[in-house]
Amino acid sequence: MSVHSDIRKITTHVLHEMKLRGEKIAMLTAYDYSMAKIIDQSGIDIILVGDSASNVMAGHESTLPITLDEMIYHASSVVRAVKRALVVVDLPFGSYQGNSKLALSAAIRIMKETGAHAVKMEGGAEIKESVERILSAGIPVLGHLGLTPQSIHKFGTYVVRAKEDAEAEKLVEDAHLLEETGCFGIVLEKIPAKLAGKVASELRIPIIGIGAGSQVDGQVLVIHDMLGITQEFSPRFLRRYHNLSEEMKGAVSNYIKDVKDCDFPNDQESY
Ligand code: KIV
């Protein structure tokens, strides 16, 4: 029996082909085995083990507290479930800024200990050395520009980035630099749609947007937001495909009632 399946796995090469033929790339986050399995079986192209786990899994206010060990725990759970999608893991805050040797060892830990396929890093020129060193080890890197949540204390707020010319010019320069350095794609978060469209048309690598309009090569959302599990977060760019928090509360209330009324378990549910 072959250990290889017939499924055509998504690779960075496949993503480039998708951009060339104009097929949009669909990406979602996942942080655990069960959710990753459902998303992968639904046909998603990329699963991002985002450091948004810090918010939606751990309840922190920002992505800064999550550790490399915690990211490795989430990523290895996801990888065990995935048969088709490309799995990308966020390098957490503090693991790659400022020291490219530490950056490489963090990326190597992720690849070795999780079995993921690529890492994602926030920033442009300022992280070039770390990106280069990681790429030189054969680890694919997805860039992330625009609103980069690991820099929230520099920005001060989560408002739309790069509305002013100077910041927009720097973003375009950084996007070119990441492409030239060898990144296989870039996430653009919360920037004007026109600017994102310009970057997507100038670059050969796929550009994945979140709050960056429709003129890019693909879209990413946080799974808890698009399923309506998170309730308090509703930026303009978010389309909710379900109201799962209400459905879950309904199911849990029914369960509580059945237990209190001695209706669960019944005879068929007992041994
Ligand atoms: O951590 C994350 O979920 C992300 C996406 C919002 C792109 O970086």
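**Notebook: ligand site and strand pairing**

I started at Asp90: an N or O atom in its side chain is 3.1 Å from an oxygen atom of the ligand. I note that the model is predicted.

On its own, the ligand has 260 Å² of accessible area, and the protein covers 95% of that.

Next I checked Ser52. A side-chain N or O atom of Ser52 is 2.5 Å from a ligand oxygen.

Which residues are around the ligand? I listed Thr29, Leu48, Gly50, Asp51, Ser52, Asp90, Lys120, His144, Val187, Ile210 and Val222. I sorted this shell by class. Four of its residues are nonpolar, four are polar and three are charged.

I moved on to the strands. In which sense do β1 and β8 pair? I found the parallel sense, over four bridges. Strand β1 covers residues 25–29, and β8 covers residues 218–221. Within this pair, I see Leu28 opposite Leu221 of β8.

I followed β8 to another partner. Strand β7, residues 207–210, pairs with β8 over two bridges, again in the parallel sense. Gly218 in β8 has Ile208 opposite.

Thr29 is around the ligand, and residue 29 belongs to β1. Ile210 is also in the ligand's surroundings, and residue 210 belongs to β7.

Methods:
Residues numbered from 1 in each chain as written. Predicted model: local features only at pLDDT ≥ 70, side-chain atom pairs only at ≥ 80, totals over all residues. Heavy atoms only, no water. Pairing = 2+ DSSP bridges. Near = heavy atom within 4 Å. Polar contact = N/O pair within 3.5 Å; in protein donor to acceptor, adjacent residues only side chain to side chain. Areas by Shrake-Rupley, 256 points an atom, 1.4 Å probe, with all protein chains shown as cover. Nonpolar A, V, L, I, M, F, W, Y, C, P; charged D, E, K, R; others polar.
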